[in-house]
Amino acid sequence: MNRFAQVWRTSTVRLTATFIAIFIVFAILLMAFIGWQSSVQIQRQQTDDIDREIRQFQRIETNQGIRALAFAVNRLSSQPGPGIYFLGDAAGLYLLGNVTDVPAEVVINPGVYSFDYERPNPLGDDVVEEGRPPRQREGIAVVRSIELDNGMRLVVGRDVVERRGYSAIILQSFMVGVVGIVLFSLIAGGITARRVLRRIDTIQQTSTKIMSGNLSERVPVTRRNDEFDALATNLNAMLDRIEQLLQGLKEVTDNVAHDLKTPLTRLRNQAEAALRDTASVETREQALENVIAESDRLIQTFNALLMIARVEAGAPSGALSEINISEIVADVAELYGPVAEDEGIAVETRIAEGVTLKANRELIGQAMVNLLENAMKYARPEDGKSGRIDVSLSNEGDRVCISVADNGPGIPDADRKRVLERFVRLEKSRSEPGSGLGLSLVNAVARLHGGTFRIEDNAPGVRAVLEFPAR
Amino acid sequence: MKILLIEDDREAASYLVQALDEAGHVTHHAADGETGYAMASGMDYDVLIVDRMLPRRDGLSIVESLRAEDDKTPVLILSALGEVDDRVTGLRAGGDDYLTKPYAFTELLARVEVLARRSSPAEAATSYTVGGLSLDRLSRKVERDGENILLQPREFRLLEYLMKNAGKVVTRTMLLENVWDYHFDPQTNVIDVHMSRLRSKIDKGHANPLLHTVRGAGYMIRE
């Protein structure tokens with residue numbers, strides 16, 4: 001019973017029930033229409049037949065005389081079938097025909113009538129039964145009565161009981177039809193509901209497992225490629241994203257613990273040094289300056305972390321607007337050009353002009369700054385040649401591609417993906433200042449704009465490539 | 001200079017009041033939004049320093065109300081919210097400058113002093129002169145003791161900003177914001193490099209330098 005209630009509560013079953021009801025109503029309307037149409041058609045056919053026979057009788061009477069007419073009426077009367085014939089005298093009294101009890105009113109006044117009557121010579125199917133008296137049978141007659149030229153009365157008609165029988169057949173087939181439809185819909189609905197329920201059940205079970213902590217569980221996807229598969233695919237993508245975010249959160253907590261605690265410890269040590277009794281004024285001042293510098297670095301790291309978190313969480317409410325990206329890239333290259341030059345690094349730019357992109361100006365600017373600062377740290381060839389940074393922006397049809405390449409020692413293949421993670425600093429760069437967040441932010445900015453960020457081999461050196469879809 | 005500080009953090013406020021006092025400014029303090037608004041509209045101040053999140057009435061609504069009353073007193077908004085959009089919202093509400101917590105006091109002081117100048121008419125001047133150095137904003141000409149100095153467009157804007165605020169300290173972030181129009185903090189000494197190039201163009205070969213580095217704060221141009 002519980003199961004039934006559960007099945008009834010599913011929208012599929014309710015939908016099926018609604019459809020069955022609608023089918024039945026339509027079936028009734030359709031059958032009624034067909035029945036009505038056929039009865040109208042039959043009626044018209046009968047009236048036409050009656051009129052035609054009457055014209056024939058009139059012609060026989062005019063051309064061949066009353067005897068021929070009487071003979072014709074008699075002949076037709078004796079034939080089995082629904083035909084009704086009555087020939088009376090001028091007063092309307094019965095002379096010939098297969099019906100005797102035609103009401104006088106019908107016989108005397110020409111016109112079209114319908115009346116109940118006793119049929120002495122019943123329909124053909126009874127006639128053949130020998131040895132029995134012809135059964136009297138209730139009939140309904142539709143007739144036309146006329147007055148002949150010689151004053152005699154002729155009534156021609158049809159028995160319409162047969163027509164009633166036809167209606168009964170329609171009704172019967174209608175009932176069978178309805179029962180069929182109901183049965184069929186119930187079975188089809190039941191099967192559909194069961195199938196749908198089963199698939200929902202799997203999703204339900206998966207989500208229960210996930211809620212109980214097994215985040216790697218996924219909803220199975222069939223090859224049917226229907227709405228359920230679309231739903232399952234979306235759910236799985238969502239779960240992937242959640243798992244990834246949780247993983248990221250875990251990494252961040254771990255990293256924050258390590259990478260923020262270290263400078264905090266240094267900060268504390270500096271403050272203690274300043275407080276030490278034996279410290280001279282100069283040492284004290286120096287220690288305090290170190291404290292400020294250290295806390296500034298901490299704030300920077302903190303800001304970078306917050307920024308990455310906010311960028312990764314999705315578009316900032318300031319949304320994206322159409323900006324001239326060529327200008328930003330050129331600006332940042334110009335901003336860093338002199339700095340690089342002072343360090344003996346040449347910055348070469350190849351920037352396509354007037355490229356626009358729907359983007360956040362500050363974030364793209366910050367990403368460019370990070371890329372350039374990064375390149376400047378590493379653009380020092382090991383073979384003693386002078387450093388060089390190539391900044392390029394190109395518009396390749398549907399992609400806008402920004403690359404910052406240096407000719408430094410490069411990054412080993414294995415580490416190329418890893419450097420995009422938060423706080424990852426390769427051994428070689430441990431000695432350099434930096435938080436290990438620069439490339440993570442670039443990566444987050446790329447993703448926010450629907451683009452990609454990758455590190456390629458510049459042979460020698462590193463080429464950082466940002467690619468955005470140009471709408 | 002008369003300054004009103006609207007800040008609910010007592011410790012931060014007392015430190016700021018003291019530090020501003022040491023810098024020679026008279027500072028009043030309001031600890032919540034309503035009091036701050038009443039004081040700001042009741043008295044004449046040169047600069048308002050308004051924290052964004054305040055009890056009883058938030059900082060942005062104070063600024064909005066003052067602006068609606070046609071009060072043009074320069075406002076520096078302080079906020080822990082430092083994202084790009086937060087800054088835009090703050091400036092749109094009528095703030096003249098936006099400073100993210102935590103900040104260095106020198107940064108705050110430099111910004112407050114530059115803001116106060118803003119209400120004076122020097123803003124609209126077409127040329128600036130400091131010592132023998134003159135800059136014409138219309139013809140884009142820079143001369144030192146009658147000698148023409150050729151500057152890159154960016155160097156010109158850098159010098160223009162410094163001269164507009166002659167005698168005041170301008171910080172590196174202020175330069176980055178006003179000359180390059182970016183609000184991020186660079187990790188390297190980008191601004192210093194640009195300043196040293198500018199310095200070599202205007203001060204080289206002259207006995208008395210005009211462009212001064214203010215230790216721990218920024219730069220200043222003065223005779």
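Visitor: Which residues touch the most other members of the largest nonpolar core?
Guide: This is a predicted model, and in it the largest nonpolar core has 109 residues. A:Tyr336, A:Ile389, A:Val445 and B:Ile49 touch the most other members.

Visitor: And where does the largest share of this core come from?
Guide: From helix 9 of chain A, which gives 10 residues.

Visitor: What does B:Ile49 touch?
Guide: Leaving out residues up to four places away in sequence, B:Ile49 touches B:Ile3, B:Leu5, B:Ile6, B:Leu76, B:Leu78 and B:Val112. Another core, of 19 residues, lies apart from the largest one. Among its residues are A:Tyr85, A:Val107, A:Val143 and A:Met152.

Visitor: Back to helix 9 of chain A: how many of its 18 residues are buried?
Guide: 16 of them are buried, so helix 9 of chain A is largely enclosed by the rest of the structure. The length of this helix works out too: at 1.5 Å a residue, its 18 residues should span 26 Å, and the end C-alpha atoms are 26 Å apart, which agrees.

Visitor: Now the sheet in chain A. In what order do its 5 strands come?
Guide: The order is 7-9-10-12-11, in an open sheet with mixed pairing. Strand 7 (345-351) and strand 11 (452-457) of chain A are the edge strands, since each pairs on one side only. On average, neighbouring strands of this sheet are turned by 15° against each other, direction ignored.

Visitor: Which helices pack on it?
Guide: Helix 9 (residues 361-378) of chain A does, touching strand 7, strand 9, strand 10 and strand 12 of chain A. The direction of helix 9 makes about 25° with that of strand 10 of chain A. Helix 10 (residues 438-448) of chain A also packs on the sheet, touching strand 11 and strand 12 of chain A.

Visitor: Over to chain B. Which residues of helix 2 are buried?
Guide: B:Gly33, B:Gly36, B:Tyr37 and B:Ala40 are buried there. Seen down the axis of helix 2 of chain B, the buried residues fall within an arc of 100°, so they line one face of the helix. What covers them includes strand 1, strand 2, strand 3 and helix 3 of chain B.

Visitor: Last one: is B:Met43 buried or exposed?
Guide: Exposed, because B:Met43 has 11 C-beta neighbours inside 10 Å, and the cut-off for exposed is 12 or fewer. B:Met43 sits in the loop between helix 2 and strand 3 of chain B. B:Met43 and B:Lys2 are 41 residues apart in sequence, and their C-alpha atoms are 10.0 Å apart in space.

Key
Residues are numbered from 1 along each chain as its sequence is written. Chains are lettered from A and ligands numbered from 1 in the order in which they are written. This is a predicted model: local features need pLDDT of at least 70, side-chain atom pairs count only at pLDDT 80 or more; totals for chains, interfaces and linings use all residues. A residue is buried if 20 or more other C-beta atoms lie within 10 Å of its own, exposed if 12 or fewer, and partly exposed in between; C-beta atoms are placed from the backbone. Helices (H or I, at least four residues) and strands (E, at least two) are DSSP runs, numbered from the N terminus. The arc is that of the directions from the helix axis to the C-beta atoms. Two residues are in contact if their C-beta atoms, placed from the backbone, lie within 7 Å. Two strands pair if DSSP finds at least two bridges between them. Axes are lines fitted to C-alpha atoms, for helices over the stretch in contact, and angles run from 0 to 180 degrees between N-to-C directions. The expected span of a helix is 1.5 Å times one less than its number of residues. A nonpolar core is a set of buried Ala, Val, Leu, Ile, Met, Phe, Trp, Tyr and Cys residues joined through C-beta atoms within 7 Å.
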